[in-house]
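Visitor: I am new to reading protein structures. Please take me through one, feature by feature.

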Amino acid sequence: MGNSKFVERFTMFASKLGNEIHLRSLRDAFATIMPLYILAGLAVLINNTVFQWLLSGDALTGAQYWGTLIVNGTLNISSLLIAPVIGYMLSQNKGYENPLAAAVISLASLVVMMPNVIGITPLDGSGEVLAQGALSFSNIGTGAMFAGVIIGLAATEIFVWISSIKRLKINLGDSIPPAVGKSFNVLIPFILVMSGFALISAVLNNVFHTDLVHIITMLIQEPLRTATTGLLGCVLLYSLGNFLWILGIHQSVIYSSILEPLLIVNMTQNMAAYAAGEAIPNIINVAFVPAFGMMGGSGSTICLLIATLLVSRNKATRGVSQMAFVPGLFNINEPVIFGYSIVYNVCMLIPFVLTPAIGIVIGYAATAMNFMNECVVYIPWTTPPLLSGYLATGGDVRAIVVQLVILILGILLYIPFVKMNDIVMEKTMASE
């Protein structure tokens with residue numbers, strides 16, 4: 001009875017957390033701009049593999065300019081992309097009538113918080129010089145993405161709150177175009193929010209000789225990202241997310257809300273470094289986890305399907321496995337989760353949680369020991385196993401070998417529990 005109440009309360013808590021408006025807005029925002037990052041990944045892959053196979057010299061440099069432009073329009077303006085989209089999604093989720101205005105104020109507030117004087121390096125490499133009135137990719141790109149998230153959320157919250165004060169609205173009547181009326185309605189909130197952020201930026205610059213983007217990046221983004229996307233943090237968080245599936249709670253409560261945004265930051269940094277020919281900074285990222293820890297979807301259930309087809313004698317589970325195999329190849333495993341089923345299936349608890357953790361550890365070790373390249377290409381999550389490792393690592397065949405090892409170990413781990421599940425199902429049917 002006590003365990004039942006605990007599960008019920010925990011389920012309610014996790015569901016509320018997953019539907020929390022700010023986390024939901026983050027998921028919506030990242031989902032909106034994801035195609036741009038996938039495009040950037042393809043451009044990086046083509047620039048650094050296909051073009052290098054086919055071209056050389058000036059022809060190679062000229063062709064790679066295409067990919068450089070795409071990277072500039074995606075990765076290198078990451079914070080400028082995410083801030084207004086978050087503003088739009090958050091205000092829309094809060095029921096605000098003018099979400100486009102919230103997007104505008106989020107973008108403007110982010111730029112206001114950036115330094116007005118920056119250091120740039122001339123083409124001749126003669127040393128850094130100071131420049132005024134310029135934005136650098138270091139401030140608007142992948143390194144400042146978390147700043148874009150926080151400022152986008154903060155600016156939108158303040159803006160929506162101020163806009164709700166009726167005395168601050170300027171009503172010009174019904175005789176003017178609606179767009180003009182909406183702009184005057186938010187005029188005073190625009191002024192107050194922008195002035196407030198500009199004041200904070202001026203104080204930080206004049207008194208502390210820094211800026212909010214730098215503070216957020218150094219004091220919040222980097223410590224949080226290091227803790228959650230390191231090997232231990234990633235394994236623990238993702239294992240917790242898989243455990244929630246057993247309770248019938250979608251793992252996005254943990255993965256999409258907490259882990260994925262930081263994994264995307266890691267991925268964008270990797271792609272930018274790979275495009276620039278620099279050392280790759282992060283092993284674990286948003287391409288790494290699906291490729292080595294989510295083969296077939298949460299719980300690496302492609303291993304479960306193969307194990308079931310190999311050893312199961314139960315017609316029901318074999319039927320589900322046959323039906324779910326093709327979707328499972330593309331990492332779509334809802335038929336397995338609810339049809340096999342995984343939810344409240346104690347027999348599947350250990351392999352469902354442990355198999356992805358083993359995959360992440362093996363993938364991490366293989367990368368750290370330079371057996372395979374780091375994941376540097378943002379690929380769609382529906383990319384099938386084996387192909388996903390090859391593409392994510394920029395065309396490294398050794399990644400296929402690593403995925404095969406993980407796949408085989410996962411099948412072997414699932415097999416005894418598939419047999420156990422058969423026995424439990426037989427006893428259940430016999431007792432009914």
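This is a predicted model: local features need pLDDT of at least 70, side-chain atom pairs count only at pLDDT 80 or more; totals for chains, interfaces and linings use all residues.

Visitor: How many helices and strands are in the protein chain?

Guide: Helices (H or I, at least four residues) and strands (E, at least two) are DSSP runs, numbered from the N terminus. Here the protein chain has 19 helices and two strands. Its C-alpha trace spans about 75 × 60 × 40 Å along the principal axes.

Visitor: What percentage of the residues count as buried?

Guide: Buried means under 20% relative accessible area, exposed over 50%, and partly exposed in between (1.4 Å probe, protein chains only). Of the 432 residues in the protein chain, 49% count as buried.

Visitor: How do I read contacts along the chain?

Guide: A contact means heavy atoms within 4.5 Å. Take the contacts in the protein chain with a separation of 6 or more: residues 24 or more positions apart account for 71% of them.

Visitor: What about empty space?

Guide: Rolling a probe the size of a water molecule over the atoms shows where empty space is left. The search uses a 1 Å grid over the protein atoms alone. A cavity is a set of points where a 1.4 Å probe fits but cannot get out. A pocket is an open set with protein on both sides within 12 Å along at least five of seven lines. Lining residues have an atom within 4 Å of a point. Grid points are joined across faces, edges and corners, and a volume is the space filled by probe spheres set on the points.

Visitor: Which residues line the largest cavity?

Guide: They are T355, I358, G359, I406, L409, G410 and L413. The largest share, four residues, comes from α19. The volume of the largest cavity is about 40 Å³. The structure holds one cavity of 30 Å³ or more.

Visitor: And which residues lie nearest the centre of the second largest pocket?

Guide: N76, F137, A272, A276 and E278 do, out of 16 lining residues. Two or more residues each come from α3 (57–72), α6 (137–140) and α12 (255–275). α12 gives the most, with four. The volume of this pocket is about 460 Å³.

Visitor: Now single residues. Is L90 buried or exposed?

Guide: L90 counts as buried, because its relative accessibility is 0%. L90 sits in helix α4 (residues 78–93). Leaving out residues up to four places away in sequence, L90 touches I21, H22, S25, L153, T156 and E157.

Visitor: Where is N421 found?

Guide: N421 is in helix α19 (residues 398–431). N421 counts as buried because its relative accessibility is 3%. Beyond residues up to four places away in sequence, N421 touches T317, Y340, N345, C347 and M348.

Visitor: Which loop holds N370?

Guide: N370 lies in the loop between α17 and α18 (387–392). N370 has a positive phi of about 60 degrees, although it is not a glycine. N370 counts as exposed because its relative accessibility is 60%.

Visitor: What is the phi of L386?

Guide: L386 has a positive phi of about 80 degrees, and L386 is not a glycine. L386 also lies in the loop between α17 and α18. At 27% relative accessibility, L386 counts as partly exposed.

Key:
Residues are numbered from 1 along each chain as its sequence is written. Side-chain values use heavy atoms; hydrogens and water are left out.
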